[in-house]
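Hello,

Here is the structure you will be working with. Please open it first, then read my notes below.

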Amino acid sequence: MKAEDDLLTLHTLHWADEIRDPHQEIPDLPGKTQATAAEVKMATQLIDALSTDWDPEAFHDTFQEKVKALIKAKAAGETVEKAEAAPKATGVVDLMEALRASVERARSPKDPGEKAATGAARATRDEKKTGAKKRATSSNGRRPLKELTKAELYKKATAAGIEGRSSMTHDQLADALAHTRRGRP
């Protein structure tokens, strides 16, 4: 284990010439602790199940071997081909942001104290609150903004150029779009 910049890195496989005695390297190692009989039995079973003969001499540092071969080839005057370029980055998705957006789409209640509801449950809840009045559609036959999903509202907010839309809830997006449709900023 070693510190590199702001990270601790751990190398689990060492070459035979790199293995050192930890007591010589770290003089104040913590003392032994007593394990229970059940822990010892479980550890023994695990070790027996996973153990194989290991000979560190059988493994080779292939990177070091390739570098030495390149140096010898250069010294002999041979041409050395450049290595392949590293693959280009793909469009990696930020999983935490995707999860956060998914959770936000699933809940987005009107009041912070309300429980999360699915689209159908939210529509039922809204109808009960308004005295079971039938929802009116706009004159052009489109669904009211409150019935759209947050993703649909976000697309419309992007097209409308609404600032701060990424941090808005479902209802905030609907209200902002309603205000822009009425000619308000």
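**Notes on the model**

Not counting residues up to four places away in sequence, T9 touches M1, K2 and E4; contact means heavy atoms within 4.5 Å. T9 sits in strand 2. T9 counts as buried because its relative accessibility is 18%, and buried means under 20% relative accessible area, exposed over 50%, partly exposed in between (1.4 Å probe, protein chains only).

Two points on how to read all this. This is a predicted model, where local features need pLDDT of at least 70, side-chain atom pairs count only at pLDDT 80 or more, and totals for chains, interfaces and linings use all residues. Residues are numbered from 1 along each chain as its sequence is written, and side-chain values use heavy atoms, with hydrogens and water left out.

**Overall**

The protein has 7 helices and 2 strands. Helices (H or I, at least four residues) and strands (E, at least two) are DSSP runs, numbered from the N terminus. Their order from the N terminus is β-β-α-α-α-α-α-α-α. Of the 185 residues, 13% count as buried. The accessible surface comes to about 16200 Å². Carbon and sulfur atoms own 56% of that surface. Areas come from the Shrake-Rupley method with a 1.4 Å probe; for residues, only the protein chains shown count as cover.

How many residues of helix 2 are buried? The count is 0 among its 14 residues, so this helix is hardly covered. Its length agrees with expectation: residues 37–50 should span 20 Å at 1.5 Å a residue, and the end C-alpha atoms are 20 Å apart. The expected span is 1.5 Å times one less than the number of residues.

Helix 7 covers residues 170–181. Its 12 residues should span 16 Å, and its end C-alpha atoms are 17 Å apart, which agrees. The buried residues of helix 7 are H170, D171, L173, A174, A176, L177 and A178. They pack against helix 6 (150–160).

**The core**

The largest nonpolar core has 11 residues, including L145, L148, L153 and I162. Such a core is a set of buried Ala, Val, Leu, Ile, Met, Phe, Trp, Tyr and Cys residues joined through side-chain atoms within 4.5 Å. Helix 6 and helix 7 are the elements that give two or more residues to this core. Helix 7 gives the largest share, 5 residues. Leaving aside neighbours within four places in sequence, L148 is in contact with R143, L153, K156 and H170.

**Salt bridges**

The count comes to 2 salt bridges. Each is a side-chain nitrogen of Lys or Arg within 4 Å of a carboxyl oxygen of Asp or Glu. In one, D171 pairs with K146, and the closest N and O atoms are 3.7 Å apart. D171 is in helix 7, while K146 is in the loop between helix 5 (119–129) and helix 6, 25 residues apart. D171 is buried at 10% relative accessible area, whereas K146 is partly exposed at 31%.

K146 also forms a salt bridge with D175, with the closest N and O atoms 3.3 Å apart. K146 lies in that loop and D175 in helix 7, so the pair ties together parts that are 29 residues apart in sequence. D175 counts as partly exposed, at 36% relative accessibility.

Best wishes
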